[in-house]
There are 2 protein chains.
Amino acid sequence: MKFQRTALQVEEAAARILERLQPGRTETVPLAEAWNRYLAEPLAADQPVPHFRRSGMDGYALRAEETAGASEDSPVRLAVTGIIPCGSIYDRRLEPGQAVRIMTGAAVPDGADAVVRLEDTLPEEEGEGGAVSILRSAKTGANISEIGLEIVQGEKLLEPGRRIGPGEAALLAMFGAAQVKVYARPRVAVFATGSELLAVEEPLAPGKIRNSNSYMLLAQLREAGCEPVLAGAIPDELELARQAVTAAMDDYDMVITTGGVSVGDYDILYDLTTGWDGELLFNKLAMRPGSPTTASIRRGKLLFALSGNPAACFVGFELLVRPALRKLMGGVDVGLGAFPARLKADRLKTDAKFTRFVRGVRTVGPEGQLWAAPVGVDASSITVSLRDADCLIVVPPGDAPLVQETLVRVIPLGGSRL
Amino acid sequence: MKFQRTALQVEEAAARILERLQPGRTETVPLAEAWNRYLAEPLAADQPVPHFRRSGMDGYALRAEETAGASEDSPVRLAVTGIIPCGSIYDRRLEPGQAVRIMTGAAVPDGADAVVRLEDTLPEEEGEGGAVSILRSAKTGANISEIGLEIVQGEKLLEPGRRIGPGEAALLAMFGAAQVKVYARPRVAVFATGSELLAVEEPLAPGKIRNSNSYMLLAQLREAGCEPVLAGAIPDELELARQAVTAAMDDYDMVITTGGVSVGDYDILYDLTTGWDGELLFNKLAMRPGSPTTASIRRGKLLFALSGNPAACFVGFELLVRPALRKLMGGVDVGLGAFPARLKADRLKTDAKFTRFVRGVRTVGPEGQLWAAPVGVDASSITVSLRDADCLIVVPPGDAPLVQETLVRVIPLGGSRL
């Protein structure tokens, strides 16, 4: 039975997951804490920007028509009736023959329809009650940002599910969002199974290795915006294992296990997910590495059983877990963001039946051509190549190896877009 | 005097900053908390990986020479003298005529020099004391990862200054780094100056705008791995301003101000940094936006005075502040990571004297060609274009506009590499 698993294509596996998931819990956080969170409500402009006629220059606000013909040889002299620092208001109307000293960003007074920059003027008597010579003619509207020039009232600015970066934070601040409704960081429990595993702080022992997958997954989960928790090992006994995993699925938003999923004598996870109230979504994928990747859903929450092989665990996370987490945080387009590039390798072997996802590194040629080169001289350099990789090169199944300059598709790692 | 500033090239400005900076404080954190921190010590392999002869398959460990000529029609029968789960040790030597059932990842016993995978065997009597028929001949070394195959002892794995992502976390775990020495997150104080500024929670008022730059900078600083603090406004009075800024420079690792640096009547920061014990590094850059960007250093700490214009503030941060922060966290190559791309725009205007840094978005053509297109139909869409941009397009000074397909250099935003 365990040997009769049907290998599913990765795209189909991802679709099975995503169609069953709903966006998760939301919470409200102060804007100053909202970086890298995912917005759970839209932002629209309740005011135009600018919301007043804004001066784009330090200079003098005046009536453009009065500057007709002005030049250094033939300046136009105007009475200076005020000074408008940024944030202040000139509470009268500008009358003919008048000019007002104005700062960049300040509100242009009624009656004025242009700003002449300071460099094109010659103050004669300083300040209010003084006068200024205008040395250059101005067109109507010169150096004035009209109301709504940047953003019109009602404009949709941010959609739910959008990640809050610097630009989003600036827009939220502009429109007074001191508190922001965001998706809660998914709490994810990580189990590592395998009697060969030592804790990181333990000395090495014959036949044993330290549990590095858990720490790799912690980093991937944090990178994806989650709050991961190390949940220890899954008990060896089936009923205890089932209790531990279902309890974690009740307590957390998602559960990930690494190890114990290959078709060996000690595969407890497969047995675990056959006799319970969850649904098995898939237990074999047509991909290398990571073909034994398993996913189940129970009461709306996912259980991923990733391989114990570091590279397979890593790839399974990037291709299947990361998009699921994005959807939990309101993501709309949760695809892998693959893009085309040319292969930089003399030869990249194909698998007869399965798609290979080869760890690679992107470079850009002198004319802007994207290249992707496999990292690691040897496929067994499993963990070291994870350090060096910034993408996965997609190698479709085939009989012949891919050669230099082959057009391939490349998946950026860590949720980066390009 | 204020009008006689000499515009410095951005590269020269960055060099002036970086040559005066030293890497900052370090601290030790648990590995589980080390994601996105910067390593402050090297990691080298104190053991080879694997540190024992590891089986790459589920199957039977045996002597390769004894399988010569084995096939389905002519199997070789061996006594099964044990079973080696992952993490266990077979404490005897494998003798001629014997095979041991072995799991993927387990230690191959002395005396065995090949592993035949399960699919190529036929167990005759189960378990220890039983027997197995080998259906296929094996070469010496088959399915065994020799000691040091992945990593040789002494290999340098991670250098100080390296960001800890999933691959780095896995390597640190493999070599027992339960506690990791990292650079402390720089604590950065952000002042926003300008009497036009309202707090985010305040209602809009005539001539006033909400303080969005501070929140944009908070996000940029968090993205760069810092702990930012909103320090409020700088007092209007020179001596109080100087006290506030120097006190912040004593308390924090860096101080950033936004606003109050343009050549207007109310430029307090310029005056502040002329009569003190700090050194002015530059106060005008040959770039647009952001030409009034100012940097000073005092007692080894930087004071950046960024423009109050959102786009200029943003660009000043990306080009000058971010590399400085990287250096504080041990970064060795702290360049901007610019790469070539083709311009996707009918026309992009140049500045006669200054380099323009135009907010843009990257796309990839069907054959892997990188393109960069300016975002925002209008240059005045200042904050909205920050939302949409993922790069800065470098436009060198010139007389003619750049045209479609011009080869340009592009700087990725947010510290991303490509």
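Colleague: Where does A:N143 sit in chain A?
Modeller: This is a predicted model, so one caution first: local features need pLDDT of at least 70, side-chain atom pairs count only at pLDDT 80 or more, and totals for chains, interfaces and linings use all residues. Residues are numbered from 1 along each chain as its sequence is written, chains are lettered from A and ligands numbered from 1 in the order in which they are written, and side-chain values use heavy atoms, with hydrogens and water left out. Strands (E, at least two residues) and helices (H or I, at least four) are DSSP runs, numbered from the N terminus. With that naming, A:N143 belongs to the loop between β9 (131–134) and β10 (144–145) of chain A.

Colleague: What is the phi of A:N143?
Modeller: Most residues other than glycine have a negative phi. A:N143 is not a glycine, yet its phi is positive, near 60°.

Colleague: Is A:N143 buried, partly exposed or exposed?
Modeller: Buried means under 20% relative accessible area, exposed means over 50%, and partly exposed is in between (1.4 Å probe, protein chains only). A:N143 has 33% relative accessibility, so it counts as partly exposed.

Colleague: And B:N36, is that buried or exposed?
Modeller: B:N36 lies in the loop between β1 (26–30) and β2 (43–44) of chain B. It has a positive phi of about 70° too, although it is not a glycine. Its relative accessibility is 11%, so B:N36 counts as buried.

Colleague: Which bond type joins A:R288 and A:P289?
Modeller: Most peptide bonds are trans. Here omega is about -5°, and A:P289 lies in the loop between β19 (287–288) and β20 (294–298) of chain A. The bond between A:R288 and A:P289 is cis.

Colleague: Why is helix α3 of chain A called largely enclosed?
Modeller: Helix α3(A) covers residues 213–223. Among its buried residues are A:Y215, A:M216 and A:L217. The helix is largely enclosed by the rest of the structure because the buried residues number ten of the eleven.

Colleague: What is the strand order in the open sheet of chain B?
Modeller: Two strands pair if DSSP finds at least two bridges between them. This sheet has six strands with mixed pairing, and its edge strands, β16 (227–230) and β18 (279–282) of chain B, each pair on one side only. The order is β16-β13-β17-β21-β20-β18.

Colleague: How many bridges link β17(B) and β21(B)?
Modeller: Strands of a sheet pair through backbone hydrogen bonds, either parallel or antiparallel. One of the facing pairs is B:T258 opposite B:L306 in β21(B). β17(B) and β21(B) are parallel, and the count is five bridges.

Colleague: Which residue has a positive phi in the hairpin of β20(B) and β21(B)?
Modeller: β20(B) and β21(B) pair antiparallel over five bridges, with B:T294 partnered by B:A305 in β21(B). The hairpin has two residues between the strands, and the phi near 50° belongs to B:R299.

Colleague: Which ring lies under the charged end of A:R101?
Modeller: A charge sits over a ring if NZ of Lys or CZ of Arg is within 6 Å of the ring centre and within 35 degrees of the ring normal. The charged end of A:R101 is 5.8 Å from the centre of the ring, and that ring is A:Y60.
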